[in-house]
Amino acid sequence: MPSISHAESPTESSARAASFVRSRLGSFLAVFPLAIWTVIHLWNNLAALSGPAAWETAVTSYPHPVAQLVTAIVVLLPLVLHMVWGIGRLLTSRPNNVSYNYYANLKYALQRITAVGVLLFLGAHIWLAMLRPRLVEGGPEPFADISHEMHFHLPTLIVYLVGTLGVAYHLANGLSTFCMGWGVVSSKRAMRRLDWVTIPLFLILLAMSWAVIYAMYQAGGGQAV
Ligand code: HEM
């Protein structure tokens, strides 16, 4: 029997339009500016390989307080909006790789698992490396402190190693779902080809992160306990 069509009321259609905009925004902000900023942040952190002064100039110094405020807004606001969108997606969609053990489903499940890990990691990282030093201790995080923690506090080392692994996966795989969502790629073949970009990207991000951690660990070992 043909179903009786139900004309959408203005309230229903504006709710649907609002939900569409929210979902597009959550996805868009994940790449512009979040993913781009994350890559720049990792690149700046590589200055740890050149010593404390180079790291502090590249990572924690700002030419003007306004530049610092703008950076905080440009990064933290999109992060919060993406997180709200992401938590919504986590609550409404379920992985089905238990019934279908396909590669794509594994990636889908890992994207969600790393989302939770990245949420916890960024909560700790933003508080301990950014907000607490500036708001409670009255200045940016000194290289001596973070490298000391990295060498002598095992939980810090483990959290950074695992947290950056999660960020590298979430960003690289997220870029491929972004390309699918926005129609940059559509055929199955094109999606497979995208792996040639996202897998090296994952490995490069991981190598950058772990190189920074290694440099800090080494520098921390040179300090008195
Ligand atoms: C460094 C910070 C982060 C970056 C760079 C980032 C990046 C991305 C990217 C590029 C995507 C793909 C978007 C798309 O498919 O259109 C994505 C998806 C996702 N993100 Fe994040 N993200 C970050 C943090 C977080 C956090 C803290 C959460 C916490 C809930 C989160 C939850 C999610 C979820 C659930 C998805 C999958 C959405 C879906 O495909 O349905 N993300 N992220």
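**Exercise 1.** Determine whether M180 is buried, exposed or partly exposed.

*Solution.* The count for M180 is 13 other C-beta atoms within 10 Å. A residue is buried if 20 or more other C-beta atoms lie within 10 Å of its own, exposed if 12 or fewer, and partly exposed in between, with C-beta atoms placed from the backbone. M180 is therefore partly exposed. The model is predicted: local features need pLDDT of at least 70, side-chain atom pairs count only at pLDDT 80 or more, and totals for chains, interfaces and linings use all residues. Residues are numbered from 1 along each chain as its sequence is written.

**Exercise 2.** Describe the packing of α6 with α7.

*Solution.* Two packed helices are described by the angle between their axes and the distance between the axes. Axes are lines fitted to C-alpha atoms, for helices over the stretch in contact, and angles run from 0 to 180 degrees between N-to-C directions. Helix α6 (residues 154–181) and helix α7 (residues 188–221) pack at about 160°, with axes 9 Å apart. α6 is therefore roughly antiparallel to α7; angles under 35 degrees count as roughly parallel, over 145 as roughly antiparallel, 65 to 115 as roughly perpendicular and the rest as oblique. The contact of α6 with α7 has 20 nonpolar, five polar and no charged residues. In these classes, Ala, Val, Leu, Ile, Met, Phe, Trp, Tyr, Cys and Pro count as nonpolar, Asp, Glu, Lys and Arg as charged, and the others, Gly among them, as polar.

**Exercise 3.** Describe the packing of α1 with α6 and list the residues that make the contact.

*Solution.* Helix α1 (residues 10–45) and α6 pack at about 140°, with axes 10 Å apart. α1 and α6 are therefore oblique to each other. On the α1 side, the contact is made by S27, A30, V31, A35 and T38; on the α6 side, by V167, L171, G174, L175, F178 and G181. By class, the contact of α1 with α6 has seven nonpolar, four polar and no charged residues.

**Exercise 4.** Identify the residues closest to the ligand and the helix that gives the largest share of the shell.

*Solution.* The ligand is surrounded by 26 residues, where a residue is near a molecule or strand if its C-beta atom, placed from the backbone, lies within 6 Å of it. The closest are S27, G86, A115, G174 and T177. At least two shell residues come from each of α1, α3 (65–92), α4 (103–136) and α6. The largest share, eight residues, is that of α6. The shell divides into 15 nonpolar, nine polar and two charged residues.

**Exercise 5.** Locate P33 and describe the peptide bond that joins F32 and P33.

*Solution.* P33 lies in helix α1. Most peptide bonds are trans. The bond that joins F32 and P33 is cis, with omega about 15°.

Key:
Helices (H or I, at least four residues) and strands (E, at least two) are DSSP runs, numbered from the N terminus. Two residues are in contact if their C-beta atoms, placed from the backbone, lie within 7 Å.
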